[in-house]
Each structure stands twice: as C-alpha cells, then as structure tokens.
Amino acid sequence: MRKRWISLLATGLLVAGVLTPASPALAAPTFKVPFPCGQSWSGQTRSDHSPAYAVDFNRTDDLGDPVVASAPGTVDRVTDLGGTSYGKYVRINHGGGYSTYYAHLNGFNVSVGQTVAYGKVLGWVGSTGGSTGPHLHYEQRLNGNDIQVRFNGTLALYWGSKSYSSNNGCSSGSGNGTVDTSGTPLTVRSGPGTGYASVGTVADGTRVTIACQTSGTTVTGTYGTSSIWDRIGSGRFIADAYVYTGHDGYIPNVPRC
C-alpha cells in the first residue's frame, strides 16, 4: 500500500508539472527613438555590424547633440573603454531582461544607479572608442543578446538606411502666440536660425500655433534678445523674439523640438 501511495504521489506531481502553465514572458518596453522630441535622424543597419542588429544614427553636424533614454529604466553602466570598442557608453536596465546601449558618446550626463524616464539626456553624440566619425551606436538587448530594434513597436529597417522621427519625451501640449513686428512681415525659416532658407512670411498681427520650441540663432526683436525659435508647421520656424506668448522664455508644457 505504501508503494502504491508513493506511486500515486509521483504521478500527481508529474501531472501537476505538465498542467502548470509557464510564466509568461514580460512584454518589451515601448522603446522610442533615442533623441529629443521632434528631431529626425538617419538610422543605418548593416549585416556586417557588430552586433548585427545595432543601429548607427547620424544627422548633419551631430557632434555634441543630446542622446536621450529610449525607455524608462535604471542606469547600470557608465563606462569609458578609451580608444577601443564602444568608447564612452551608457547601458540602461529596463527590467524583464531588456536593456539598451548608447555608445561612442562624447560625454556622460548620468551615473550608475540613476533612474531615468523617457527623454532624459544620457550624454552627447561623439566619436569615442572604435568610431571613425561622430554617430550614436544604439542597441536593444534581451537577456544579453542583441535583438532587432523596434521604435513604438515598429521594426526598424533591416538592412539599409531610414529616417526616424522622434516622439520621445513629447508633451501633448501646444502654445499660441501673436506675431509683433511693427508692420513688417516676419520671415519663416526652414530651420531654427537665420542661416536656414526662407520658406515664406507671416504677417504682423498673425495668431500662430506653436507645436514645439527649440534653440537656434540668437535674434533681437520686439521682445528682446532670444535664441528660442518656434515651430509653426512642418519645416516652418519663426524667431520667438518677435512673438508675444505671454511667457519670458520657453512656454510651459510646450515640447522642445
């Protein structure tokens, strides 16, 4: 009888083992492009990259541009490998086995153990380590293994180059302002500065919706001297020094471009 009970117990354990469902894998974080809200960057993938699924990001004059956290997490590595490999790089642990790497940085803006949110500046684009020119080397990993990169759940292009627009750290707000130039039409530029091409004008007294704000060429206008530029449409920027917004500086809750 004792042997029979042992046999039944063993069978029960086996059945229980078969019927017990496996723990579900944790969902990946919603990773975003690792640059500030509104920016566009060219991301390149290639089969001979190391590791294969990493993305190299570039844009014109990108040396020193801020690199931001692509998802919330905890910084668990801030390392300088000198003139080899990743050079200066940051790693973020996002939980569930997921991590991200940001390599070839010019400098650091975080420390180990620090908790970061979307849009937190980690460092700046550089050309450290084995880099042959300024760019950001970016990886997503699961349990230490590189995985194909996704932004907002959409798979990156493999293989080739693609332009990626960032909604990282964007606020849902927008602002308003009134152009005041004492009668002269205000030039609209294709970018945040007087060196960008003119793409039209805005009449004095026009009420504009400001989608985001960024820094650019310093301009002296109706409301003093300011380096702030307001984006009033896709590829359309005006100098904030000529816009009455009711705020001295950046408008609260309006995202940075």
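I began with a working rule: two strands pair if DSSP finds at least two bridges between them. Strands themselves are DSSP runs of E with at least two residues, helices are runs of H or I with at least four residues, and both are numbered from the N terminus.

**Entry 1. The model and its conventions.** I noted that this is a predicted model, in which local features need pLDDT of at least 70 and side-chain atom pairs count only at pLDDT 80 or more, while totals for chains, interfaces and linings use all residues. Residues are numbered from 1 along each chain as its sequence is written, and side-chain values use heavy atoms, with hydrogens and water left out.

**Entry 2. The chain as a whole.** I looked up the secondary structure and found one helix and 22 strands in the protein chain. I then looked up burial, where buried means under 20% relative accessible area, exposed means over 50%, and partly exposed lies in between (1.4 Å probe, protein chains only). Of the 257 residues in the protein chain, 38% are buried. The accessible surface comes to about 13100 Å², and 51% of it belongs to carbon and sulfur atoms; accessible areas come from the Shrake-Rupley method with a 1.4 Å probe, and for residues only the protein chains shown count as cover. I also checked contacts, meaning heavy atoms within 4.5 Å. Among contacts between residues at least 6 apart in sequence, 60% join residues at least 24 apart.

**Entry 3. Strands β1, β2 and β10.** I followed strand β2 (residues 55-58) to its partners. Strand β1 (residues 40-45) pairs with β2 in the antiparallel sense over three bridges, and Gln-44 has Asp-56 in β2 as its bridge partner. Strand β10 (residues 136-142) also pairs with β2, again antiparallel and over three bridges. There, Val-55 has Tyr-138 in β10 as its bridge partner.

**Entry 4. A sheet of three strands.** I recorded an open sheet of three strands in the order β18-β15-β22, with antiparallel pairing. Strands β18 (207-210) and β22 (243-244) stand at the edges with a single partner strand each, so one side of each is left without a neighbour in the sheet. Strand β15 (residues 175-179) is joined to β18 by four bridges. Asn-176 has Thr-209 in β18 as its bridge partner.

**Entry 5. Aromatic rings.** I counted ring pairs next: rings of Phe, Tyr and Trp (its six-membered ring) pair if their centres lie within 6.5 Å, and planes under 30 degrees apart count as stacked, over 60 as edge-to-face and the rest as tilted. The structure holds 16 aromatic pairs. The rings of Tyr-53 and Trp-159 have centres 6.2 Å apart and planes at 15°, so this pair is stacked. Tyr-53 lies in the loop between β1 and β2, and Trp-159 in the loop between β13 (154-155) and β14 (160-165), so the pair ties together parts that are 106 residues apart in sequence. Tyr-53 is partly exposed, at 27% relative accessibility, and Trp-159 is partly exposed at 42%. I also found a cluster linked by ring pairs, made up of Phe-35, Trp-41, Phe-57, Tyr-102, Tyr-138, Phe-151 and Tyr-164.

**Entry 6. Charges over rings.** I applied the rule that a charge sits over a ring if NZ of Lys or CZ of Arg is within 6 Å of the ring centre and within 35 degrees of the ring normal. Lys-32 lies over the face of Tyr-118, at 5.5 Å from the ring centre. Arg-141 lies over the face of Tyr-101, at 4.6 Å from the ring centre.

**Entry 7. Backbone details.** I looked up cis peptide bonds. One joins Ser-50 and Pro-51, with omega about -5°, and Pro-51 lies in the loop between β1 and β2. Another joins Tyr-158 and Trp-159, with omega about 5°. I then looked up positive phi. Asp-61 is not a glycine, yet its phi is about 50°; Asp-61 sits in the loop between β2 and β3 (66-68) and is exposed, with a relative accessible area of 70%. Asn-143, likewise not a glycine, has a positive phi of about 55°. Asn-143 is in the loop between β10 and β11 (145-147) and counts as exposed at 61% relative accessibility.

**Entry 8. Gly-233.** Gly-233 is buried, with a relative accessible area of 17%. Gly-233 and Ser-190 are 43 residues apart in sequence and 9.7 Å apart in space, C-alpha to C-alpha.
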